[in-house]
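Please keep the model open while reading.

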Amino acid sequence: MDHALVLARRGLGNVWPNPAVGCVIVRDGRVVGRGWTMPGGRPHAERMALDQAGPAARGATAFVTLEPCAHHGRTPPCAQGLIDAGISRVVSAMTDPDARVAGRGHAMLRAAGVAVTEGLRATRAAALQRGFLTRVTQGRPMVTLKLATSFDGRIATAAGESRWITGPAARRHVHLLRLTHDAVMVGAGTARADRPALNVRGLGSVRQPARVVIANGDIPALPPEDADHGPLWILPGPLPEALAELGRRGLTRVFCEGGGQLAAALLSAGLVDELVGHTAGLALGADGRASVGPLHLTALADAPRFALAETRPIAGDLFHRWVRL
């Protein structure tokens with residue numbers, strides 16, 4: 001299952017509106033097939049692993065990071081594919097909350113005589129599937145708020161100079177993070193001031209994330225959709241409705257790189273699921289531009305709280321990731 005979870009991560013940012021799933025098929029102590037959800041959501045992880053295993057799948061055990069689907073879409077149900085291949089046991093990390101599945105995949109397998117074990121590495125699987133789970137249960141994508149700041153939490157000098165607070169290694173890491181999200185989002189102010197490309201650069205030919213601008217007024221022309229730029233969606237506020245619309249369009253993971261106003265609005269509305277920061281070893285002082293706009297808090301108890309999930313140095317900067325409590 002640990003291997004299957006590693007494989008599943010390859011699909012993050014590439015498979016929406018589908019979940020990123022990994023599958024490993026084992027027979028007689030040997031891996032005979034492995035797969036992960038392919039870009040665009042097809043083929044599914046189980047199908048890829050079964051095709052690799054071939055006849056060796058008969059009598060084998062399949063480890064899957066999410067309950068195999070039980071409904072007909074563009075492809076037949078994965079649960080039926082496992083049955084037809086002669087898989088004797090399925091170990092899944094968690095049940096799929098999608099109403100089209102929601103236990104039906106496990107029930108289909110059991111009805112066909114396949115042994116089913118549920119819940120192995122469930123916590124890790126749920127963390128991996130947070131975007132998909134948020135869309136299914138809350139109707140909106142998971143939101144990651146990214147901030148690149150000085151040690152004292154500033155994103156620019158008083159004059160607006162911000163290139164570059166962090167070093168090239170941290171900036172490359174940002175592109176890796178964009179790659180694991182379905183869309184990159186900014187506000188109208190950032191779009192006007194920076195005319196950002198909002199794409200993934202320097203990592204070869206990749207599936208580009210969608211570009212989302214939250215704006216009620218005019219914004220400058222941004223590059224059209226092409227091989228180097230994902231689709232461009234301009235959405236008005238308020239934010240809960242805009243994110244619900246992104247959920248209806250199938251997005252599961254949104255990477256917000258807007259300015260302080262958008263950051264504050266998302267935090268105030270309780271719409272940030274993860275914080276990621278790249279902090280540099282310099283100070284810009286109180287006259288520098290704050291990374292987060294006013295939250296109008298009257299007590300510490302009202303401040304949005306996050307738990308530290310990861311921290312590590314990236315060249316001369318510090319990366320840290322926080323998960324909402």
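## Cysteines and aromatic contacts

The structure holds 0 disulfides. This is a predicted model. The sulfur of Cys23 has its closest cysteine sulfur in Cys78, 8.5 Å away, so a bond is ruled out by distance. Cys69 also has its closest cysteine sulfur in Cys78, at 3.7 Å, and that is too far for a bond as well. Cys23 is buried, with 0% relative accessibility. Cys69 counts as buried too, at 10%.

Now the aromatic rings. The structure has 1 aromatic pair. Trp16 and Trp233 form an edge-to-face pair, because their ring centres are 6.2 Å apart and their planes stand at 85 degrees. Trp16 sits in the loop between helix H1 (2-8) and strand E1 (22-27), while Trp233 belongs to strand E10 (residues 232-235), so the pair ties together parts 217 residues apart in sequence. Trp16 is buried at 16% relative accessibility. Trp233 is buried, with a relative accessible area of 16%.

Which charged residues sit over tryptophan rings? The table lists Arg10 and Arg249.

| Charged residue | Ring | Distance to ring centre |
|---|---|---|
| Arg10 | Trp36 | 4.3 Å |
| Arg249 | Trp233 | 4.8 Å |

Notes: Residues numbered from 1 in each chain as written. Predicted model: local features only at pLDDT ≥ 70, side-chain atom pairs only at ≥ 80, totals over all residues. Heavy atoms only, no water. Disulfide = S-S within 2.5 Å. Buried < 20%, exposed > 50% of the residue type's maximum accessible area, 1.4 Å probe, protein only. Phe/Tyr/Trp six-rings, centres within 6.5 Å; stacked < 30°, edge-to-face > 60°. Helix = DSSP H or I, 4+ residues; strand = E, 2+ residues; numbered from the N terminus. Lys NZ or Arg CZ within 6 Å of the ring centre and 35° of its normal.
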